[in-house]
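Dear colleague,

Here is the structure I promised to hand over. Please have it open beside this message as you read.

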There are 2 protein chains.
Amino acid sequence: MSDAVDLAFDEVEYIPAVAQDASSGAVLMLAYVTPEALERTRETGLAHYYSRSRDALWQKGESSGHVQHVEEIRVDCDGDALLYLIDQEGGACHTGYESCFHRRLDGEVVGEQVFDPDAVYDD
Amino acid sequence: MSDAVDLAFDEVEYIPAVAQDASSGAVLMLAYVTPEALERTRETGLAHYYSRSRDALWQKGESSGHVQHVEEIRVDCDGDALLYLIDQEGGACHTGYESCFHRRLDGEVVGEQVFDPDAVYDD
């Protein structure tokens, strides 16, 4: 891939990336990427993000095995947000749900739990 | 709607909101919301956001008429990102495309242009 689209990394340290299931269209999660996270994503084909709280690069699924195979990356009109079209192994959310967006604003759960987090994460 | 889910507004001034077409599942745009923007969205049923560059509340479509009717609002597991499930009038992108995410990272245009921006915007 070439870098025809200018991204906003000259203005900000990281930009949000939305992960969308390439088949179902479900929006699975939102996380942040640095140039390094994006480069690792493109090199490996697996979604990498930047943890703001840990100030660290991370690969989605590095502990759970629930990796995201990136089929396509899109960029928005302003170059300050990305869309990862992905094939998700397991579930995207650390709570066991398919999507991190599994609740309505009033707390009602509308998403599907697809794995038991206690069986996947050690802590 | 009650406020059963705690949002991250005690830690940050604004959080990202992803607008997804409720029918097609297309991810249309990403913008930011403050508590005030979210309140106006819930009161009116029309998507409101916060412009970081202008430090101002704005209603999507206030100049173009391309408003977003919000059918449902979801919140992610950490309470620091929202998903607006919307019915979009016209197109979401100021460039005339249905989605702001109409380009691949290499610049290839993959989205559909649905209106002529010169006919919609005065400047």
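This is a predicted model: local features need pLDDT of at least 70, side-chain atom pairs count only at pLDDT 80 or more; totals for chains, interfaces and linings use all residues.

Residues are numbered from 1 along each chain as its sequence is written, chains are lettered from A and ligands numbered from 1 in the order in which they are written, and side-chain values use heavy atoms, with hydrogens and water left out.

A rotation of 180° with 0.0 Å of shift along its axis places chain A on chain B with an RMSD of 0.0 Å, the superposition being by least squares on the C-alpha atoms of residues with pLDDT of at least 70 in both copies. That is the relation of a two-fold axis, and in chain A the C-alpha nearest to the axis belongs to A:G25, at 2.7 Å. Because 100% of the interface residues of chain A are also interface residues in chain B, the copies meet through the same surface.

An unreviewed UniProt entry places the feature "binding site" at A:C77, A:C93 and A:C100; UniProt positions follow the numbering used here, with feature names shortened, and annotations may be inferred rather than shown by experiment. These residues are spread over 24 residues of sequence and also in space, with up to 27.8 Å between C-alpha atoms.

A:C93 lies in the loop between β6 (82–88) and β7 (103–104) of chain A, and A:C100 lies in the loop between β6 and β7 as well (strands are DSSP runs of E, at least two residues, numbered from the N terminus). A:C93 is buried, at a relative accessible area of 0%, and A:C100 also counts as buried, at 8%, where buried means under 20% relative accessible area with a 1.4 Å probe and protein chains only. Leaving aside residues up to four places away in sequence, A:C93 touches B:C77 among others, and the contacts of A:C100 include B:V75, B:D76 and B:C77, a contact being heavy atoms within 4.5 Å.

Definitions and conventions:
Helices (H or I, at least four residues) and strands (E, at least two) are DSSP runs, numbered from the N terminus. Buried means under 20% relative accessible area, exposed over 50%, partly exposed in between (1.4 Å probe, protein chains only).
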